[in-house]
Amino acid sequence: MTAATGWPTGATTAAFSLALVVSALAGIRVGRILDRRGPRTVMTLGSVLGVVSLLIVAAAPNVMVFIAGWVLAGLAMATTFYQPAFAALTRWWAPDHVRALTVVTLAGGLASTVFAPLTAALADHLSWRHTYLVLAGILAAVTIPAHALALRAPWPDAPTSPAHGPPGVAEIGRSRPFLLLAAAFTLSGFAMYAVVIALVPLLLERGYTTSQAAWALGIGGAGQTLGRTLYATLARRTAATARTTILIALGALTTAAFAAVPGPYALLIAVSVVAGMVRGNLTLLQATAITDRWGTTHYGRLSGLLAAPATTAAALAPFAGAALAVSLGGYGPLFILLATVSVAAALIAPWTADASNRSDCRVIPVKHR
């Protein structure tokens, strides 16, 4: 893009980060709408908005229109990505929603596996603008009819605890467990996303080739898919707070391992697989964190509130990670710092249990029809 347009690299990269921030903020409102009306209209309109945003990006005559297209894409992300899908699955399939969430994240985990090489192949034969047009066409052809036609099941009323009514959104959102959970996920999310972005430059700094670094990163994606198949078993055998602490601590351990293990290459591949497995489980951990502690009644809105700071941290991680690597004198020290951040998140996690509605709360089953 920068070669073809002359736009500053920082501006084009910042546009994507801005889209993530917009997605985080919009997700709070989207969650509230989902709780009341269900996913069909929200996700269908979101798909249309996504197509329009990519068309604007593809046709942008200047960097300001390019940024505006990505802001619109941020709104589309908030209405089509994991958060709204998780809200729909949780309401339709609770209390057996872990299985449904796992299936969707297994499919979603293949997104980069499919579209990274596809986009690269398109970019080899087309301009970047025409590549975006093709991707917009794929998005329109697949997701708009899928959301409009497949998400037609009746939207059930929110279940409540049979013993007493659940606390309100405002009460939960201001509670100490919720705020600590948001802090833990924000710190962990920042560290995990920075690790993904910084892994390639870390390995290049240590003398590995670009191809070796790319394979190490890509194999971590395969680890995510593998890890998600194990989450249901982990959920059955651990309480929510213990599970949160263990997985975030394992994230810290794998990050420290990257810092401590310069080689051989096969060992780094093994660490990348394990790190990917942890990241895959962390995705499902965040998807189930609300229901584990507060049930499904206000899942959409609470999930949006919980995800907003973590998504914002992920948006800032690439810039912050690169800046910290320079100030620390390399990517090895950066990974040590990121491991420390994850350790801090793990130390917060044991305090995220809700005393009034612990993870063994029961909800009325609502089956998808």
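Helix α6 (residues 97-108) and helix α14 (residues 265-294) pack against each other at an angle of about 150°, with their axes 10 Å apart. Angles over 145 degrees count as roughly antiparallel, so α6 is described as roughly antiparallel to α14. Please keep in mind that this is a predicted model.

**The α6 and α14 packing**
- The two helices, α6 and α14, cross in a right-handed way.
- On the α6 side, the contact is made by His-97, Val-98, Leu-101, Thr-102 and Thr-105.
- On the α14 side, Thr-283, Leu-284, Ala-287, Thr-288 and Thr-291 take part.
- Sorted by class, the contact of α6 with α14 has four nonpolar residues, six polar ones and no charged ones.

**Thr-288, a residue of that contact**
- Thr-288 belongs to helix α14, and its relative accessibility of 2% means that it counts as buried.
- Leaving out residues up to four places away in sequence, Thr-288 touches His-97, Val-98, Leu-101 and Tyr-231.
- Pro-61 is 227 residues from Thr-288 along the chain, and the C-alpha atoms of the two are separated by 43 Å.

**A cis peptide bond**
- Between Gly-263 and Pro-264 the peptide bond is cis, with omega near 0°.
- Pro-264 sits in the loop between α13 (240-260) and α14.

**Thr-12 and its contacts**
- Thr-12 is part of helix α2 (residues 9-37), and with 12% relative accessibility Thr-12 counts as buried.
- Setting aside neighbours within four places in sequence, Thr-12 is in contact with Thr-2, Trp-7 and Phe-66.

**Aromatic rings**
- The structure holds twelve aromatic pairs.
- One of them joins Trp-7 and Phe-66: the ring centres are 5.3 Å apart and the planes stand at 55°, so this pair is tilted.
- Trp-7 lies in the loop between α1 (2-5) and α2, while Phe-66 is in helix α4 (residues 63-80), so the pair ties together parts that are 59 residues apart in sequence.
- Both Trp-7 and Phe-66 are buried.
- Trp-70 and Tyr-132 make an edge-to-face pair, at 6.5 Å centre to centre with 85° between the planes.
- This pair links distant parts of the chain, with Trp-70 in helix α4 and Tyr-132 in helix α8 (residues 128-150), 62 residues apart.
- Trp-70 is buried, and so is Tyr-132.
- One aromatic cluster is formed by Trp-7, Phe-16, Phe-66, Trp-70, Trp-128 and Tyr-132.

Terms used: Residues numbered from 1 in each chain as written. Predicted model: local features only at pLDDT ≥ 70, side-chain atom pairs only at ≥ 80, totals over all residues. Heavy atoms only, no water. Axes fitted to C-alpha atoms, helices over the stretch in contact; angles between N-to-C directions. Helix = DSSP H or I, 4+ residues; strand = E, 2+ residues; numbered from the N terminus. Parallel < 35°, antiparallel > 145°, perpendicular 65-115°, else oblique. Left-handed = near helix turned anticlockwise from the far one by under 90°. Contact = heavy atoms within 4.5 Å. Nonpolar A, V, L, I, M, F, W, Y, C, P; charged D, E, K, R; others polar. Buried < 20%, exposed > 50% of the residue type's maximum accessible area, 1.4 Å probe, protein only. Phe/Tyr/Trp six-rings, centres within 6.5 Å; stacked < 30°, edge-to-face > 60°.
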